[in-house]
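Reader: Could you show me the model, and then take me through how its helices pack and where its pockets are?

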Amino acid sequence: MLKKFLALACAGFFFLQLTLFLAKTWWFFELFVHYAHYYALLGTLLALFAINRRHWKLALLFLTFTSIHLGTLSPYLSRSTPSAAKPTLTILSSNFYYTNDDFEELQPILAQENPDLFMIHEAGEQWTQGIELFRADYPYSALSNDLGVQGIAMASRIPGSFTEIPLGSKFGLEFIPEDSSYRVLGVHPAAPLTPAWATERNAQFADLASYVNSSPLPTVIMGDFNSTPWSPYLTELMETAQLSDARVGFGLLPTWHAHNAFFKIPIDHALLSEGWELVDFHRTEPIAADHYPIVVELAR
């Protein structure tokens with residue numbers, strides 16, 4: 001009976017391996033690739049159980065499948081030596097949840113992190129008044145025209161201009177400082193939970209690649225990407241636009257769901273073009289929303 005259970009579990013793991021290779025053939029397959037860290041943990045436990053029961057062939061298969069997932073995870077499991085450079089630009093990004101109006105919970109986080117610029121995703125209508133609470137420290141700000149689930153708010157202590165950038169059928173919100181020395185783009189691509197949303201997300205990724213390649217300015221793209229680093233579409237975006245993932249070398253740092261102890265995946269990212277030296281990447285303490293805010297510290 002136990003051997004039959006392990007054989008069925010092994011067949012399930014084989015299916016999960018197939019989704020890694022077939023993720024771009026059907027939107028539904030891609031949904032399975034975002035949980036590689038859980039697959040690696042489960043595969044290790046099943047391999048140990050099979051070894052304990054002396055089912056050597058099944059144990060070998062579990063270890064083989066697990067090693068593939070660990071290979072996928074490896075860039076996010078190691079720690080790199082932190083840069084000694086002094087940050088010249090610090091950015092905080094937070095999916096605030098569009099019905100949340102507890103602006104005060106951001107105050108201690110902003111005080112602790114002291115970002116030069118912060119961006120809010122899922123900025124609801126309440127941000128038309130809420131942004132004023134931060135005006136003293138962040139006098140330059142902008143809200144996207146469409147507020148709600150797709151809404152974006154940005155506030156900066158550095159003088160500069162804000163522009164909406166078309167991405168698929170949606171948009172991102174761009175900040176360029178007065179000296180035009182770099183670009184920061186806040187984004188919130190669609191969650192690929194239906195064929196239409198997956199198509200929209202992929203169109204947004206394609207437009208992001210075109211956006212990065214349209215200018216030699218050092219660029220930072222931050223936000224809730226609704227995709228883990230193991231999505232082939234996010235990987236394709238980074239390769240096409242020659243972007244690096246700020247998370248690499250700083251740990252897995254899952255950001256959603258912030259309040260679920262057993263279900264967390266890394267879908268909030270900071271992607272960097274050439275021209276930046278990465279000093280630090282981390283997440284803050286959780287807030288009422290279901291995402292951890294993330295912070296990137298950069299030098300130029």
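Author: What follows goes through helix packing, then the pockets and the cavity, and then the backbone. This is a predicted model, in which local features need pLDDT of at least 70 and side-chain atom pairs count only at pLDDT 80 or more, while totals for chains, interfaces and linings use all residues. Residues are numbered from 1 along each chain as its sequence is written, and side-chain values use heavy atoms, with hydrogens and water left out.

Reader: Let's start with α7 and α8; at what angle do they pack?

Author: Helix α7 (residues 195-213) packs on helix α8 (residues 232-241) at about 15°, with the axes 9 Å apart; helices are DSSP runs of H or I with at least four residues, strands are runs of E with at least two, and both are numbered from the N terminus. Axes here are lines fitted to C-alpha atoms, for helices over the stretch in contact, and angles run from 0 to 180 degrees between N-to-C directions. α7 is therefore roughly parallel to α8, a term for angles under 35 degrees, with over 145 counting as roughly antiparallel, 65 to 115 as roughly perpendicular and the rest as oblique.

Reader: Which residues in α7 and α8 meet?

Author: From α7 they are Arg 201, Asn 202, Phe 205, Leu 208, Ala 209, Val 212 and Asn 213, and from α8 they are Tyr 233, Leu 234, Leu 237, Thr 240 and Ala 241, where contact means heavy atoms within 4.5 Å. By class, the residues of this contact of α7 with α8 are eight nonpolar, three polar and one charged; Ala, Val, Leu, Ile, Met, Phe, Trp, Tyr, Cys and Pro count as nonpolar, Asp, Glu, Lys and Arg as charged, and the others, Gly among them, as polar.

Reader: And α1 with α3, how do their axes cross?

Author: The axes of α1 and helix α3 (residues 36-52) cross at roughly 150° and come within 11 Å, which means that α1 is roughly antiparallel to α3. In this contact, α1 gives Leu 2, Phe 5, Leu 6, Ala 9, Phe 13 and Leu 16, while α3 gives Tyr 39, Leu 42, Gly 43, Leu 46, Phe 49 and Ala 50. The contact of α1 with α3 has 11 nonpolar residues, one polar and no charged.

Reader: Switching to pockets, what volume does the largest pocket have?

Author: The largest pocket holds about 530 Å³. Among the 24 residues of its lining, Ala 190, Ala 191, Pro 192, Leu 193 and Asn 226 are the closest to its centre. On a 1 Å grid over the protein atoms alone, a pocket is an open set of points with protein on both sides within 12 Å along at least five of seven lines, a cavity is a set where a 1.4 Å probe fits but cannot get out, and lining residues have an atom within 4 Å of a point. Points are joined across faces, edges and corners, and a volume is the space filled by probe spheres set on them.

Reader: What lines the largest cavity?

Author: Its lining consists of Leu 167, Lys 170, Phe 171, Val 187, His 188, Pro 189 and Gln 204, and the space inside is about 40 Å³.

Reader: Last topic, the backbone: which peptide bond is cis?

Author: The bond from Trp 256 to His 257 is cis, with omega near 5°, and His 257 sits in the loop between β9 (244-245) and β10 (268-272). Gln 242, in the loop between α8 and β9, has a positive phi of about 55° although it is not a glycine.
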